[in-house]
Amino acid sequence: MTVRVLFTTSAVRSYLLTLAPLAWALRTAGHEVRVAARPGFADVITQAGLTAVPVGSDRDPWARVSPERIQAARPGLRPPYDAAGTPRDEVAWERLKAGYDREVTWWHKAENVPVIAGLVDFARHWRPDLVLWEPTSYAGAIAAKAVGAAHGRLLWGTDVFGVTREHFLRLREQRPPEDRADPLADWLGANARHHGAEYSEDMATGQFTIDQLPASLALPTGLHRVPLRYTPHGGAAVVPRWLREDPRSPRVALTFGLAATDSFGGYTVPVQSILDTLGELDVEVVATIGDEQKRALDRIPPNARVVPYVPLHDLAPTCAAVVHHAGAATLATVSLHGVPQLSLPFHFDEPIVARALAAQGAGLTLPPDQVTGTAVRDHLLRLLTEPGFGERAHALRAELLAMPGPGDLVGALEELTAKHRVTAA
């Protein structure tokens with residue numbers, strides 16, 4: 001049976017890169033695949049070798065947000081999603097509800113409203129059997145409901161959305177009837193009814209959730225979790241000649257993610273200080289730093305190579321350790337090669353993922369207020385000299401390799417589609 005699979009994503013390149021391998025696997029298995037997003041994102045989709053469906057408008061939800069507000073929202077998780085990193089008995093209903101009030105209005109509506117109508121129109125034209133949506137693309141759930149398609153979330157990080165939702169529903173049941181407002185369900189339900197369907201809770205968290213982190217790093221939920229081994233994909237890349245040569249000293253990579261330069265004003269760590277202190281060690285440093293950030297450096301130590309980009313899945317296997325920002329894709333790529341890691345988390349779910357990595361034993365982490373060149377050097381020396389980190393890194397690699405890959409998941413998705421698909425509305 002040929003299945004029509006519609007992926008939906010917000011116009012964020014890193015989100016697209018995490019869904020591409022599964023989209024390829026489904027297409028290779030003979031299924032029809034489309035990826036829907038705002039029109040201006042079509043080139044990013046086609047560059048990944050996938051068929052783009054432009055929907056809605058290119059109204060940028062962040063165009064009117066001041067740089068100061070964007071920077072203020074950068075550290076960690078904002079309410080309600082900070083509940084995912086809070087002990088269960090410390091999660092407060094008032095903070096959850098107020099957080100949903102704000103985030104539904106200023107994030108989820110702003111991101112999704114411009115594309116909902118166009119996405120539903122395309123779904124009614126193309127009739128997908130399955131819709132897979134990344135967790136901020138609620139328009140995908142709305143379109144699936146409108147046409148009776150099966151649908152699930154495809155995570156690009158840890159499931160702060162699902163954990164928060166479970167906390168919200170648990171505490172909501174304890175509230176009096178007059179204090180049970182649900183901003184997310186109210187908004188999604190209004191859209192479902194507008195397109196001839198009714199709200200159900202799977203519109204918030206999917207009929208199932210594809211999780212690309214191993215169990216030791218993932219946030220536990222009561223949702224239907226479908227594990228998928230992360231497949232590294234950083235977009236078009238060329239392996240440099242120097243990377244084919246064995247390093248003369250232990251190689252250490254520094255990489256701080258795409259979002260720092262694509263969406264924000266640069267890195268949150270003292271790059272110059274880190275390079276200076278690592279310059280004192282008998283290591284070879286490879287730092288992937290954007291050209292603009294590189295121009296801000298005063299000096300580059302003799303043992304450091306600074307490049308704007310190199311494919312991490314080729315760089316990581318040559319390294320004795322990797323220092324990074326704890327982005328889930330970066331962390332998973334390094335983990336696949338059994339390399340110890342030092343995480344310097346700052347944005348969104350990075351602190352949660354970094355703590356999980358440290359608890360697993362495959363690396364160390366430094367909170368933002370402790371990141372100095374000296375601290376990075378000292379923690380890196382532990383990774384290079386204490387064998388336990390390498391042993392745990394190899395155990396984490398084995399855990400990842402035991403997860404089903406994209407091709408292995410195709411049959412399970414066929415079964416889930418048959419189970420959840422209903423007669424088209």
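How much space lies in the largest cavity? The answer is about 100 Å³, and the legends below start from there. This is a predicted model, where local features need pLDDT of at least 70, side-chain atom pairs count only at pLDDT 80 or more, and totals for chains, interfaces and linings use all residues. Residues are numbered from 1 along each chain as its sequence is written, and side-chain values use heavy atoms, with hydrogens and water left out.

**Figure 1. The whole chain.** Let us begin with the overall picture. The chain has 17 helices and 13 strands; helices (H or I, at least four residues) and strands (E, at least two) are DSSP runs, numbered from the N terminus. Its radius of gyration is 22 Å, close to the 22 Å that the globule rule gives for 425 residues, so the chain is as compact as a globular protein of that length. That radius is taken over C-alpha atoms, and the globule rule is 2.2 Å times the number of residues to the power 0.38. Along the principal axes, the C-alpha atoms fill a box of roughly 65 × 50 × 40 Å. Of the 425 residues, 55% are buried, where buried means under 20% relative accessible area, exposed over 50%, and partly exposed in between (1.4 Å probe, protein chains only).

Figure 2. Rolling a probe the size of a water molecule over the atoms shows where empty space is left. On a 1 Å grid over the protein atoms alone, a cavity is a set of points where a 1.4 Å probe fits but cannot get out, and lining residues have an atom within 4 Å of a point. Grid points are joined across faces, edges and corners, and a volume is the space filled by probe spheres set on the points. The structure holds two cavities of 30 Å³ or more. In the largest cavity, 14 residues form the lining, and T9, S10, A37, V115 and S137 are the closest to its centre. Strand 2 (32-37) and helix 4 (93-126) are the elements that give two or more residues to this lining, and helix 4 has the largest share, with four residues. Sorted by class, the lining has seven nonpolar, five polar and two charged residues. Here Ala, Val, Leu, Ile, Met, Phe, Trp, Tyr, Cys and Pro count as nonpolar, Asp, Glu, Lys and Arg as charged, and the others, Gly among them, as polar.

**Figure 3. The second largest cavity.** About 50 Å³ of space lies in this one. Its lining residues include T18, W156, Q212, Y230 and A328. Helix 13 (residues 328-335) contributes the most to the lining, with three residues. How many charged residues does this lining have? There are no charged residues here, alongside seven nonpolar and three polar ones.

Figure 4. Look for L154 in strand 5 (residues 150-154). Is L154 buried or exposed? It counts as buried, at 4% relative accessibility. L154 and L19 are 135 residues apart along the chain, yet their C-alpha atoms are separated by 7.3 Å. Leaving aside residues up to four places away in sequence, L154 touches several partners, including F7, L19, W133 and L228; contact means heavy atoms within 4.5 Å.

**Figure 5. Backbone angles to look out for.** Most residues other than glycine have a negative phi, and most peptide bonds are trans. The peptide bond from P79 to P80 is cis, with omega near 5°, and P80 is found in the loop between helix 3 (67-72) and helix 4. A326 has a positive phi near 75° and belongs to the loop between strand 11 (321-324) and helix 13. This alanine, A326, is buried at 0% relative accessibility. F348 has a positive phi of about 50°, although it is not a glycine. You can find F348 in the loop between strand 12 (341-343) and helix 14 (350-360), where it is buried with a relative accessible area of 13%.

Notes:
1 Å grid on protein atoms, 1.4 Å probe; cavity = no way out; pocket = protein on both sides within 12 Å on 5 of 7 lines; lining within 4 Å.
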